[in-house]
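Let's take a walk through this model together. Have the sequence and the 3D view open as you read.

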Amino acid sequence: MKFRGAEAIVETIEWNGKTVISKIRNKRGYRHPTLEKRLVVERLRSESRIMERLLSQGVPVPAIFSVNTSDNSIFMELIEGQTLERALRGKNFKKYLIQTGQLLSQIHSLNVIHGDPTTSNFLVNDKIYAIDFGLSSMSDDDEDRASDLRVFLESLDSHHSEINGREIFLDAYSEEEASKSVLQSLKVLELRGRYNLMRG
Amino acid sequence: MSEIILGIESTAHTAGVGIITSEGKILSNQRSVYIPDKGEGIHPREAANHHSEKFPILFKSALEEANLSPKEITLVSYARGPGLGPCLRTGATAARAFAYAHNIPFLGVNHCVAHLEIGLLEGATDPVLLYLSGANTQVIAYAAGRYRVFGETIDIGIGNGLDKFAREAGMGFPGGPKLEKIAEGDELIDLPYSVKGMDLAFSGLMTAAKQKVDAGHSLPSIAYSVQETAFAMSCEVSERALAHTGKTELVLGGGVACNSRLREMAMTMAEERGVKCFVPEKALCVDNGVMIGWLGYQMMAADYEITDDDNRVNQKYRTDMVEVTWR
């Protein structure tokens, strides 16, 4: 498997006798070298730290095996399974949406903001795994959490406009008492003009 | 039989009348841009006054350039939004007056979608559009019956940000091209780089840039750093949209897409990614009547049924409100 993402080349490699995922942030030629370096190092560090925090709390994310700042690579556990984007086209979409809502709520409860929780960044296996923490950050601000929800809902809307997943997802997300206030922030965020017409 | 479409643009500072045939041949692209007084931004009512003064001249010169009489026009199309209310109403009135006087059918279309559709004329078939203008900053692509907004600014439009910064640094309107002219350097001044998923934010960047002016950095090197940072953000989100949608074509649109550095960066990104990059000529990137006419034709050619609603201007007419029936 080899996938050229928006900021890294992700591929399966053999490492210490097993198949793992290698994520290498390759150079973006359009970006100024100083900016490129700053972003790559920031994102590599933040990604590995945050994933380790989630792992230590038992959140289903890939385990990290190695981080190397000289070639900007991370080696991590290979999770088998299809993307949520694909899985939502099947008949079990409700179950997956509920599990994803619960997972995102769990991640947020640890003050982690995923940053790019589109339906392509969850993998469906025995449970749902969150992947690609390249844009993640730490925050306990409900608005940042709501902004994550909006990214997810938007990708749901643009890729899965045929299923009405919004309510199912949000209900599952707000099962935990602590997550309820985030829905208020989401309301405020979506009322900010730019978003209130988007679910056409 | 070949159709001849007259398109009218007046969403912001540009009054435009374009004439295009159903084969995509551009017969005329007349534009007149309202320039506010130094130190000021666009004043909607004054922009509208400018447009109402210029439209008669623009109609005349467009028909002259195309060597046509009004009777030969088969469809009139105007931008019904998004944009500034007074400007939109002026364009709509001009469209109605011309269409009624010569008994030609007319309809209002979405300005942002027109920016994308004119890119298809360049040869793209199913692209991601990086649309960078004064008011609008969006990454748009087609999915399930609509042009969906995959990413956009969560505060101000990129061009608006560049203009504001330029104005505060003592340059006139529009500031984007002026910054491009003075931008110089190779050392990057550290500025906020704000990408959230596929969304962007520019206000913090512009405020920081202003602070660098106050701190005594040279204007050319700040202009250079602002461009490097803002355009890298824009290229990054469009690359994210390309990765996310799996599409293999990129189209640039909007006034800021005239910037040579932005064009260069987008083409580098496309090349590294192995996707095709379509860059319409500058006269078709900026606001213009041709693209409005072309979209009107696409809709009518697919038997679009005009409703009353289509002939009301809508200042908040979002890209994703348009049901795409013509593809």
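Chain A is divided into domain 1, residues 2-77, and domain 2, residues 82-190, with bounds that come from an automatic or database domain assignment. What you're looking at is a predicted model, where local features need pLDDT of at least 70, side-chain atom pairs count only at pLDDT 80 or more, and totals for chains, interfaces and linings use all residues. Residues are numbered from 1 along each chain as its sequence is written, while chains are lettered from A and ligands numbered from 1 in the order in which they are written.

Taken over C-alpha atoms, the centres of domain 1 and domain 2 of chain A are separated by 22 Å. Their contact takes 14 residues from domain 1 of chain A and 15 residues from domain 2 of chain A; two residues are in contact if their C-beta atoms, placed from the backbone, lie within 7 Å. On the domain 1 side there are eight nonpolar, two polar and four charged residues. Here Ala, Val, Leu, Ile, Met, Phe, Trp, Tyr, Cys and Pro count as nonpolar, Asp, Glu, Lys and Arg as charged, and the others, Gly among them, as polar.

Now for the folds of the backbone. Chain A has six helices and ten strands, which are DSSP runs numbered from the N terminus (helices are H or I with at least four residues, strands are E with at least two). Five strands of chain A make an open, antiparallel sheet in the order 1-2-3-5-4, where two strands pair if DSSP finds at least two bridges between them. Strand 1 (2-4) and strand 4 (64-68) of chain A stand at the edges with a single partner strand each, so one side of each has no neighbour in the sheet. From one strand to the next, the twist averages 25°; axes are lines fitted to C-alpha atoms, for helices over the stretch in contact, and angles run from 0 to 180 degrees between N-to-C directions.

K2(A), for one, has E11(A) in strand 2 as its bridge partner. Elsewhere, helix 1 (residues 33-56) of chain A lies across strand 4 and strand 5 (73-77), and runs at about 160° to strand 4 of chain A.

Finally, there's the neighbouring chain. In the contact between the chains, 28 residues of chain B meet 24 residues of chain A. Helix 7 of chain B gives the largest share of chain B's side, eight residues.
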